Protein chains: 2
Amino acid sequence: MNTIEVCLTHELIQQHELAGKIVVVTDVFRATSCIVAGLATGVKAIKPLIEVDDCRELQKQGWLAGGERHAQKIEGFDLDNSPFSYMSELAKGKKVAMTTTNGTLAVNKSLAADEIMAASFGNLTATANYLQKQKKDVVVLAAGWKGRPGLEDVLFGGALALATGFEIIGDSTHLAIAGYEVAKDDLLGYMQRASHLQRLKNLDITDDIAFCLEIDKFDIIIALQDGVLMKK
Amino acid sequence: MNTIEVCLTHELIQQHELAGKIVVVTDVFRATSCIVAGLATGVKAIKPLIEVDDCRELQKQGWLAGGERHAQKIEGFDLDNSPFSYMSELAKGKKVAMTTTNGTLAVNKSLAADEIMAASFGNLTATANYLQKQKKDVVVLAAGWKGRPGLEDVLFGGALALATGFEIIGDSTHLAIAGYEVAKDDLLGYMQRASHLQRLKNLDITDDIAFCLEIDKFDIIIALQDGVLMKK
């Protein structure tokens with residue numbers, strides 16, 4: 001049976017053997033949720049980048065630039081960091097250069113893998129179905145936040161582990177599954193309760209956040225191909 | 001209100017501010033369970049050390065030497081790594097030099113804190129009661145295993161966070177609490193199910209393991225004082 005393990009933050013990725021495996025990167029709030037929503041509704045390709053200036057360079061070559069700083073769209077950028085922005089008419093048929101620190105670091109640290117995928121709750125079952133057809137072991141990399149584990153990312157890791165039915169590897173994976181078991185009946189409510197203090201204190205539970213936690217809105221799988229994320 | 005946060009492995013300790021705080025180190029299988037059991041039943045002091053030879057040095061000065069390698073008592077040592085060994089007649093009134101890699105690393109990385117305590121399920125409530133009387137924030141350091149999160153240590157972190165009633169800080173703490181919520185009605189059964197594969201594949205669910213998961217057998221609090229762990 002294939003195995004699946006959850007890595008709780010990219011700071012711990014060196015503890016996981018990646019060669020020969022598929023790495024599924026998730027950054028639920030909000031990079032991979034934007035990526036799933038965008039690529040499912042007409043965006044052609046998305047390149048995750050750390051630096052705003054790198055996005056601007058690609059923008060000069062005809063790409064759209066997407067992302068935020070301090071919860072505001074970046075000056076001169078075309079898209080912000082709402083999944084709805086990536087589903088807009090403006091984005092259809094376009095390639096997007098997206099600034100995301102945690103997601104990009106997670107992708108960059110996964111390059112030893114055979115394949116890198118991007119996933120979120122929006123394409124949970126589609127991703128699990130794809131993985132079930134492969135003969136490869138899987139590492140779910142929860143991108144987290146500044147190197148810290150991100151609860152929503154870890155919960156997705158637990159959800160994907162359960163959805164694949166693969167052999168569970170590692171204590172972190174058991175922890176992720178336990179988290180998902182506690183949260184699954186009301187993901188949004190659980191995240192609200194867990195986040196009403198601290199990191200997410202200022203996280204408005206807007207339509208965006210609710211959207212990022214909706215399961216299986218899209219039937220799409222996404223993989224890194226020649227440095228950009230595309231529908232596969 | 002005081003705050004409490006769980007650090008999932010000493011590999012992530014740099015993400016937690018320790019100055020002015022109390023760090024509670026836990027290594028349920030088995031270092032801190034031995035320490036709690038021993039100090040509660042007559043051991044005078046325990047010094048956690050990484051190297052076997054450092055234990056032998058202290059043994060020459062009249063300390064007992066304790067610990068295991070490859071699940072066997074070390075040649076010439078007085079105690080193995082069973083909590084029952086630390087509760088034996090031989091150990092009463094003695095000082096013990098104990099070899100434990102994960103626990104010692106966890107203690108060594110916590111030296112910036114105002115106070116370092118050692119705890120396990122055996123003194124959960126006693127530790128929580130002590131913390132409630134202090135005016136300090138708390139970091140629970142789950143020692144883990146080779147830098148990886150250890151499920152039993154993280155569950156203890158969740159249990160202690162709930163027992164203090166302190167303000168919960170950080171996504172890792174929410175995750176630890178979720179894990180404990182899932183496991184608490186049958187800690188031993190949960191650990192058996194979670195561990196029947198992988199890391200704990202060869203972990204016999206012996207009396208030792210059951211003992212390490214028993215809650216509140218002892219009314220004792222333990223702190224590092226002049227480099228050794230003692231009853232406080």
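Predicted model: local features only at pLDDT ≥ 70, side-chain atom pairs only at ≥ 80, totals over all residues.
A salt bridge is a side-chain nitrogen of Lys or Arg within 4 Å of a carboxyl oxygen of Asp or Glu.

Over all chains the count is 16 salt bridges. Three of these pairs are listed below.

| Salt bridge | N to O distance |
|---|---|
| A:Lys21 and A:Glu5 | 3.1 Å |
| A:Lys232 and A:Glu115 | 2.6 Å |

A:Lys21 belongs to the loop between β1 (3-7) and β2 (22-26) of chain A, while A:Glu5 is in strand β1, so their pairing ties together parts 16 residues apart in sequence. Both residues are buried. The pair of A:Lys232 and A:Glu115 links distant parts of chain A, 117 residues apart: the segment after β12 (228-231) and strand β8 (residues 115-118). A:Lys232 is exposed because its relative accessibility, 51%, is over 50%. A:Glu115, at 13%, is buried because its value is under 20%.

Between chain B and chain A, by contrast, the salt-bridge count is 0, although 8 residue pairs are in polar contact across the interface. On the side of chain B that touches chain A, α6 (151-164), β10 (167-168), α7 (171-183) and α8 (187-195) each supply at least two residues. The largest share, 8 residues, comes from α7(B). By class, this side has 13 nonpolar, 10 polar and 8 charged residues.

The two chains bury about 2400 Å² between them, 61% of it on carbon and sulfur atoms. B:Gln15, B:Asp171 and B:Leu175 supply 27% of the area that chain B buries against chain A, more than any other three residues.

Note on methods:
Residues numbered from 1 in each chain as written. Chains lettered and ligands numbered in written order. Heavy atoms only, no water. Buried area = accessible area lost by both parts, 1.4 Å probe. Polar contact = N/O pair within 3.5 Å; in protein donor to acceptor, adjacent residues only side chain to side chain. Helix = DSSP H or I, 4+ residues; strand = E, 2+ residues; numbered from the N terminus. Nonpolar A, V, L, I, M, F, W, Y, C, P; charged D, E, K, R; others polar. Buried < 20%, exposed > 50% of the residue type's maximum accessible area, 1.4 Å probe, protein only.
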